[in-house]
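User: Hi! Could you walk me through the labels used for this structure and what stands behind each of them?

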Amino acid sequence: MGCGKHGLLRSAANALFVVFTFAGAFILTICVAAAAETVARGYPSLFGTGYTVFSAADGSALPDETLIAFEPCAASEIGEGGWAVYRSARGMRAGAVVAASDSHIAVRTSAAEVTAVPREAVLGKATGHYPAAGRILSALADARAAGTGGGLAVALFAFFLLLRGTGKDASDTLSAAP
């Protein structure tokens with residue numbers, strides 16, 4: 001009975017190890033893809049969709065710390081009322097398009113502020129906004145040291161489990177040999 005219970009626990013532990021290993025590999029693959037695409041495009045991006053965290057001004061239509069997803073496109077593809085994501089001296093910004101000329105678009109960034117943005121600074125058209133995701137990312141950015149330490153702790157724990165699992169498999173094989 002004891003061996004059966006021990007075997008069941010060992011099987012469950014091995015199954016969890018496999019699940020966590022595959023989940024870790026999947027997450028690592030997504031992170032590498034996001035990093036490669038971000039470097040290639042020059043802004044945070046994953047699978048062709050760009051992302052930025054919006055810092056709202058007074059009177060903005062969106063709440064502060066909202067994650068904005070956008071599709072890369074030319075300024076000419078964004079009509080009045082659409083939201084443009086653009087690069088400025090203060091980083092990536094977003095605002096509702098209120099007018100356009102041959103060289104600039106005018107975007108409303110707050111109830112009282114309209115900014116002229118050169119067409120070549122436009123990165124794309126906003127396709128969605130996610131306030132909760134933006135707050136989570138902002139909180140993680142504020143706690144960089146804790147986040148980095150936590151990430152390193154998880155990575156070391158996973159590495160330890162990997163080594164432990166590899167050693168256990170080798171010792172099991174050696175003990176089973178005649």
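Analyst: Happy to. This is a predicted model, where local features need pLDDT of at least 70, side-chain atom pairs count only at pLDDT 80 or more, and totals for chains, interfaces and linings use all residues. Residues are numbered from 1 along each chain as its sequence is written, and side-chain values use heavy atoms, with hydrogens and water left out.

User: Thanks! Why is Thr-52 called buried?

Analyst: Buried means under 20% relative accessible area, exposed means over 50%, and partly exposed is in between (1.4 Å probe, protein chains only). Thr-52 has 10% relative accessibility, so it counts as buried. Thr-52 is found in strand β2; strands (E, at least two residues) and helices (H or I, at least four) are DSSP runs, numbered from the N terminus.

User: What makes Arg-119 partly exposed?

Analyst: Its relative accessibility is 22%, so Arg-119 falls in the partly exposed class. Arg-119 sits in the loop between β7 (114-118) and β8.

User: Which residues does Arg-119 touch, not counting those up to four places away in sequence?

Analyst: Contact means heavy atoms within 4.5 Å. By that rule Arg-119 touches Ala-75, Ser-76, Ala-100, Ser-101, Asp-102, Ser-103, His-104 and Ile-105. Arg-119 and Ser-101 are 18 residues apart in sequence, with 8.9 Å between their C-alpha atoms.

User: How do you know that β2 and β3 pair?

Analyst: Two strands pair if DSSP finds at least two bridges between them. Strand β2 (residues 49-54) and β3 are joined by 5 bridges and run antiparallel, so they meet that criterion. Within this pairing, Phe-54 has Thr-66 in β3 as its bridge partner. On β3's pairing with strand β8 (residues 122-130), there are 6 bridges, again in the antiparallel sense, and Phe-70 stands opposite Ala-126 in β8.

User: What makes β1 and β7 edge strands?

Analyst: The open sheet has 8 strands in the order β1-β2-β3-β8-β4-β5-β6-β7, with antiparallel pairing. β1 (45-46) and β7 each have a single partner strand, so one side of each is left without a neighbour in the sheet. For β1, that partner is β2, joined to it by 2 bridges.

User: How many disulfides are there, and why is Cys-73 called buried?

Analyst: A disulfide is a pair of cysteine sulfur atoms within 2.5 Å, and the structure holds 0 of them. Cys-73 counts as buried because its relative accessibility is 16%, whereas Cys-31 is at 45% and therefore counts as partly exposed.
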